[in-house]
Amino acid sequence: MPVWLREHSWRQTLTAVFLSLPLRGARATPSSIFCSEQYLKVSIPPFLFEAVLYAPIDDTNSTAKIGNGNIFFTLYKKEPAMWDSLTLANTDKEKLQHLRENAVLKAQEKAKEETEARKITKQEHKKYALEATMKLEEAERKRIEDLKEKERQKVVKELELWKNQQKDGDKYKSIQKPGELYQEIEPLKERKNEKMKKTQIPNEGTSKTRLKSTKGSCSIFSQNSKEEQLPAPRAAATIQVSFTPRVFPTALRESRVAEEEEWLHKQAEARRIINSDLSELEDLKEEEKNPDWLKDKGNKMFAMGDYLGAVNAYNLAVRLNNSLPVLYLNRAACHLKLRNLHKAIEDSSKALELLTPPVPDNENARVKAHVRRGTAFCQLELYTEGLQDYEAALKIDPRNKNIEEDAEKIRHLIQGTMQSS
């Protein structure tokens with residue numbers, strides 16, 4: 001049952017009613033208040049206030065302020081008049097229910113109208129924004145077209161000017177006759193010949209031959225100009241230059257022969273391994289020729305329990321790159337699952353050879369190699385060799401409790417074997 005709020009105070013003027021409603025410690029929000037023309041309700045569970053007003057009010061402009069444990073209403077009257085009381089007297093339940101339903105319906109209709117109005121306003125704003133964007137785009141398009149037109153006119157003017165210049169040049173060449181051109185060039189030729197005769201030393205043999213050659217000529221295009229005699233060109237020859245055969249671009253005096261030979265040996269070994277079975281590698285896809293991809297594939301097969309398939313993947317990866325310790329470590333784990341103990345020992349030993357020098361970055365891998373080799377030794381009942389590997393792993397990782405417990409078990413087995421013998 002709700003607790004009705006009976007305590008309230010109100011006062012009025014000719015145009016407004018001021019109502020103060022105490023909340024009794026309850027916390028009100030704007031959603032707790034409902035107001036229509038003649039119905040006012042405040043619902044703050046468990047408290048409830050309900051009033052059928054004496055006369056209609058302007059619910060649009062009326063206000064409610066929440067603060068200091070009270071709600072202050074300012075209700076503006078629709079018609080200026082003084083009320084006899086805040087609420088209607090002798091309001092029965094049926095009339096109250098009817099007024100409540102009418103107030104709710106009017107509030108819903110009003111909310112619907114406001115929603116429609118907001119929707120229409122939003123559509124109008126979108127339409128206006130679209131029209132403004134279209135106008136801006138049209139103005140930008142027109143500006144670009146104007147620039148293009150100006151550039152086109154400029155190019156057309158330049159082209160017309162060039163054509164006119166070409167036409168003027170052709171006209172000038174067609175007006176000038178060949179005889180006039182010869183008359184203009186002939187005096188220049190004679191002056192040039194006279195100048196050359198004055199500057200050169202006379203020679204009987206050369207002068208006679210030159211005179212003979214110039215007697216029958218009458219055109220500048222058929223007469224050869226006098227030139228000084230030049231010495232004959234030198235004979236061509238080939239110079240042989242030999243260099244020390246080198247694979248690297250640096251000079252031999254600047255290189256390190258030992259390191260280069262080691263690098264060349266490794267490259268040749270890698271090519272030999274890759275080309276050792278070319279027919280098999282040609283059938284592989286491009287990603288299957290990547291050792292890292294094969295390693296990941298082997299790890300997935302190991303996790304699924306396909307140990308034989310994982311071994312095959314690691315075998316192909318080792319053939320492609322035999323210098324990755326992780327390939328031997330993972331293959332040793334597969335051999336342990338398959339009970340291929342001797343092969344597990346070989347792969348663990350090979351991984352330890354590649355994990356040199358011992359550095360902090362490969363501590364985890366060295367611990368795994370010693371543990372897997374020690375496990376294989378113990379399964380072969382070679383407990384002394386297995387204990388040595390476990391102790392080597394403890395030296396690398398002394399805080400590993402699992403390795404310490406396994407080493408202690410191996411010691412007890414060795415003691416028991418010695419006692420029984």
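This is a predicted model: local features need pLDDT of at least 70, side-chain atom pairs count only at pLDDT 80 or more; totals for chains, interfaces and linings use all residues.

**Stop 1: a link across the chain**

A search of the whole structure turns up eleven salt bridges, and we'll visit a few. Select K78 and E37 and show their side chains: they meet in a salt bridge, 2.6 Å from N to O. This pair ties together distant parts of the chain, 41 residues apart. K78 sits in the loop between β8 (70–76) and α1 (93–175), while E37 belongs to the loop between β4 (33–35) and β5 (39–44).

**Stop 2: from a loop to helix α1**

Next, pick D59 and K110. They form a salt bridge whose closest N and O atoms are 3.5 Å apart. Here again distant parts of the chain are linked: D59 is in the loop between β6 (47–52) and β7 (63–67), and K110 is in helix α1, 51 residues apart. D59 is partly exposed at 22% relative accessible area, and K110 is partly exposed at 28%.

**Stop 3: within helix α1**

Stay on α1 and select E138 and R141. Their side chains meet in a salt bridge of 2.6 Å, N to O. The two residues lie three apart in this helix, about one turn. An α-helix has 3.6 residues a turn, so residues three or four places apart point the same way. With 46% relative accessibility E138 counts as partly exposed, and so does R141 with 40%.

**Stop 4**

V241 is in the loop between α3 (204–215) and α4 (257–275). Its relative accessibility is 57%, and over 50% means exposed.

**Stop 5: helix α11**

Finally, select residues 383–396, which make up helix α11. How far apart should the ends of its 14 residues be? At 1.5 Å a residue the helix should span 20 Å, and the end C-alpha atoms are 20 Å apart, so the two agree. Buried residues here include G386, L387, Y390 and L394. Show α10 (363–379) and α12 (401–420) as well: the buried residues of α11 pack against both.

Conventions:
Residues are numbered from 1 along each chain as its sequence is written. Side-chain values use heavy atoms; hydrogens and water are left out. Helices (H or I, at least four residues) and strands (E, at least two) are DSSP runs, numbered from the N terminus. The expected span of a helix is 1.5 Å times one less than its number of residues. Buried means under 20% relative accessible area, exposed over 50%, partly exposed in between (1.4 Å probe, protein chains only). Contact means heavy atoms within 4.5 Å. A salt bridge is a side-chain nitrogen of Lys or Arg within 4 Å of a carboxyl oxygen of Asp or Glu.
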